[in-house]
Every structure is written in C-alpha cells, then in structure tokens.
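Please keep the sequence at hand while reading.

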2 protein chains.
Amino acid sequence: MADRNGLESVRDRLQQAALELFQERGYDRTTAAGIAARVGVTERTFFRYFPDKRETLFGGEAVLREALTAAVAGAPAALGPLDTLFFAFRSTVPLLEGNRPFAEPRQAVVSSTPALHERELAKLEVLADALADALRGRGVKAQPAVLAARTGMAAFAHATIAWLDTPEPKLADRLDAVLGDLRQLLVAG
Amino acid sequence: MADRNGLESVRDRLQQAALELFQERGYDRTTAAGIAARVGVTERTFFRYFPDKRETLFGGEAVLREALTAAVAGAPAALGPLDTLFFAFRSTVPLLEGNRPFAEPRQAVVSSTPALHERELAKLEVLADALADALRGRGVKAQPAVLAARTGMAAFAHATIAWLDTPEPKLADRLDAVLGDLRQLLVAG
C-alpha cells in the first residue's frame, strides 16, 4: 500500500521484499539481513519495524482487527451477533480486495510453511477474541459472544482463503454464501 | 492410561514425566534427556516414542481423531451434519472424562506457552479436516462439510476448555448447551 504521499513506506517495502525472498529461496533460507539488503536498508532498520522475519507476513492483522472491531461497534443496533459479524466482514471487502496482490502469494507461503501456518491460526484466534470483546461491548453475553466470534471467524477465514484460491465468485458473494450455508447447517441439524 | 495388563506403558510414563517437568521447570528449560531420565530410560528410547519434547503433549490427538471419525461414520443416517458432529463429540465424553487428570494440567501448560498453543491450534485444524472428510464419507457436499467441521470443532474446543477450567457443569451438559447456543445464534441472526 502507498502512503499519503504516494511513496511506498520502508515497512511496506520490507514486507514485499520478505514475501519475494520467501518465494524465491524458501522461508528457512531467508534472513532478516537478506530482507533488509534487498530494500537497501540496514538490518538494524529492519528490526525497528519487525521483531523477526516471520512477523513481516502478519503486519496486516492489526489493520484488519481495527477495521473489524470498529465495524462491529458501528453496526446497526437491531442486528444479532452473527449478522453483526457478517456486517463487519463485508465492510472489510474493499480493504481485502485492495490487498489481494500481496495476500495471494502470502497465503501460498503461509499455508506451505508449518511455522507460519501455526502463527496464522494464533493470529486468527486473537482476532476472534477481539471480536468477542467487541460483541460484548454491544451487550451480547460472554458465552454467546465467544461462540459467535469463533464460529464467525471460522466462516470468514474459510471464505477468504477460498477466494484467494479462486477469485470468482467475488469475496462479498462468498461471504453471503457462507452465511447462508451456516444458517442452512443449523436448520438441517 | 494403563494398558491391558494394568501396567503404565513407557509412552504414558514419558508423557506424564514431561508434563510434570514442564510444570516444575517450565517448558523451555525441559529437555528430552531430562524427561527420559525421570522415567529411567535413555534419551534414545524417548525418541523412539516422540520426535521432540513438544509432541509428548499431543499424543492424544490421534486417539481422539480416530474416536471422532469412527463415531461420525457410525452416526444414525437421519442426522444432519451438525447433529452428526455433536453425536460424535458426545461419544467421546467417557474418554475425555477419564483423561481429565492429565488433560487439566496439560491445558494449563499449553495455554501459557505460545509455541504449544500454536501447535494445539494446528492439531485442532487437522482434527477439523478429518471430520470434514468423515462427513463427506456420509454424502455431505464438500463446502458444507468443511464449514460444519470448522464450526463444530470451534464449539467443541470451546466446550472442553471451559469444562477443563471448571468441572461443573459436566462435559455432556456443556456440549448440549453449546449446541443450543449455536442454534440460537443462527435464529437470532
């Protein structure tokens, strides 16, 4: 993503360089120093932005978490917990679609590297916890809030990974379909 | 667990010793050699049972997976996907209750050690994939099978962790409650 001056930030360039090196050399053979060198900065600069090479692929999580929790807080009051979450998921579609050129190769690296995949699952859990808190902030009780958040996140992750795998149908349509499937599941038993 | 001769197997003793050492010394300061020494076997013997110290805490996953997938395959044909999963979850209650003396301290170690927690999440995902396969074996289509399995596993993990935290209500009652909450969630929107 470009910053407001139209220039790519050092942080963005480090993320992009890391992803390229993971693809070219493999995750294990890539170092923080190598990533810094590709961008033309020192290793010390690298560590000002990221604690380790792994985190270069998880910088988007905080952005997504803020967008989702803000959308949950701002969702129409009449919506139930699950509809609130899907309202929030839909609100991030432009963000996710804009990030697709990075997200698609990123997903390929993450899903083929166990250490990254485990990290991804932990980040999704943090996201689910944040959504549960946001639902509680709307007056949803603790247990249903946690259950809704975990169920919703499982469905959201399922939809986005399927969409990164195949761009059609569009992400918004996939989210609608997955919510429909979820309701169908509970009707069918 | 004791084997059919009433003797604890070396494998079980290694698991138990590992758990004790993780609690006493912390995970990072425990070695495979230290675990072997506590049981009175060689380090080489340790590695015949486990690839590393971490896996001592995940040996139960294969047992649970087999029990769950067998129960899915044997569930009454009339049950829908989610009811099939909960039928399977309920069938493992005696197994899980019998394993509680190990599972409760294990959960405390796993949830307080990020590397173990990430591993746990990955194992739960493998379990969800196995359940999705088992549902497909009953004729459920691919997408709903995956969604049901992920949603069901999220609810199952939620119920068992809450139960390990506080033994009452019983696990069977927690599973019924969580299924009720799940249905309520989809009705409420």
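Domain bounds, as used here, come from an automatic or database domain assignment. On that basis chain A is divided into domain 1 (10–55) and domain 2 (59–188). The model is predicted: local features need pLDDT of at least 70, side-chain atom pairs count only at pLDDT 80 or more, and totals for chains, interfaces and linings use all residues. Residues are numbered from 1 along each chain as its sequence is written, while chains are lettered from A and ligands numbered from 1 in the order in which they are written.

**The single chain**

Helices (H or I, at least four residues) and strands (E, at least two) are DSSP runs, numbered from the N terminus. Chain A has 10 helices and zero strands, and its pattern along the sequence is α-α-α-α-α-α-α-α-α-α. The radius of gyration of chain A is 18 Å, close to the 16 Å that the globule rule gives for 189 residues, so chain A is as compact as a globular protein of that length. The radius is taken over C-alpha atoms, and the globule rule is 2.2 Å times the number of residues to the power 0.38. Along the principal axes, the C-alpha atoms of chain A fill a box of roughly 55 × 30 × 30 Å.

A residue counts as buried if 20 or more other C-beta atoms lie within 10 Å of its own, as exposed if 12 or fewer do, and as partly exposed in between; the C-beta atoms are placed from the backbone. By this count 33% of the 189 residues of chain A are buried. Two residues are in contact if their C-beta atoms, placed from the backbone, lie within 7 Å. Among contacts in chain A between residues at least 6 apart in sequence, 56% join residues at least 24 apart.

The centres of domain 1 and domain 2 of chain A, taken over C-alpha atoms, are separated by 27 Å. Where these domains of chain A touch, seven residues of domain 1 are in contact with eight residues of domain 2. The domain 1 side of chain A divides into three nonpolar, two polar and two charged residues. For these classes, Ala, Val, Leu, Ile, Met, Phe, Trp, Tyr, Cys and Pro count as nonpolar, Asp, Glu, Lys and Arg as charged, and the others, Gly among them, as polar.

**The pair of chains**

A rotation of 180° with 0.0 Å of shift along its axis superposes chain B on chain A, with an RMSD of 0.0 Å. The two copies are thus related as by a two-fold rotation axis. The superposition is by least squares on the C-alpha atoms of residues with pLDDT of at least 70 in both copies.

In the interface, 29 residues of chain B are in contact with 29 residues of chain A. On the chain B side, the elements that give two or more residues are helix H5 (81–91), helix H8 (114–136), helix H9 (142–165) and helix H10 (171–188). H9(B) gives the most, with 10 residues. By class, this side of chain B has 16 nonpolar, six polar and seven charged residues. The same surface serves both copies, as 100% of the contact residues of chain B recur in chain A.

A nonpolar core is a set of buried Ala, Val, Leu, Ile, Met, Phe, Trp, Tyr and Cys residues joined through C-beta atoms within 7 Å. The largest such core has 68 residues, and those with the most contacts inside it include Leu131(A), Leu135(A), Leu131(B) and Leu135(B). Leaving aside its neighbours within four places in sequence, Leu131(B) is in contact with residues including Leu68(B), Val72(B), Leu85(B), Ala149(B) and Met153(B).

**Individual residues**

Val10(B) is found in helix H1 (residues 10–25) of chain B. Beyond four places in sequence, Val10(B) is in contact with Val39(B), Val41(B), Thr45(B) and Tyr49(B). Ala108(A) is placed in helix H7 (residues 100–112) of chain A, whereas Ala77(B) lies in the loop between helix H4 (60–74) and H5 of chain B.

| Residue | Class | Other C-beta atoms within 10 Å |
|---|---|---|
| Val10(B) | partly exposed | 16 |
| Ala108(A) | partly exposed | 15 |
| Ala77(B) | exposed | 7 |

Ala77(B) and Arg138(B) are 61 residues apart in sequence, with their C-alpha atoms 8.1 Å apart in space.

A cis peptide bond joins Glu168(A) and Pro169(A), with omega about -5°. Pro169(A) is in the loop between helix H9 (142–165) and helix H10 (171–188) of chain A. In chain B, the peptide bond from Glu168(B) to Pro169(B) is cis, with omega near -5°.
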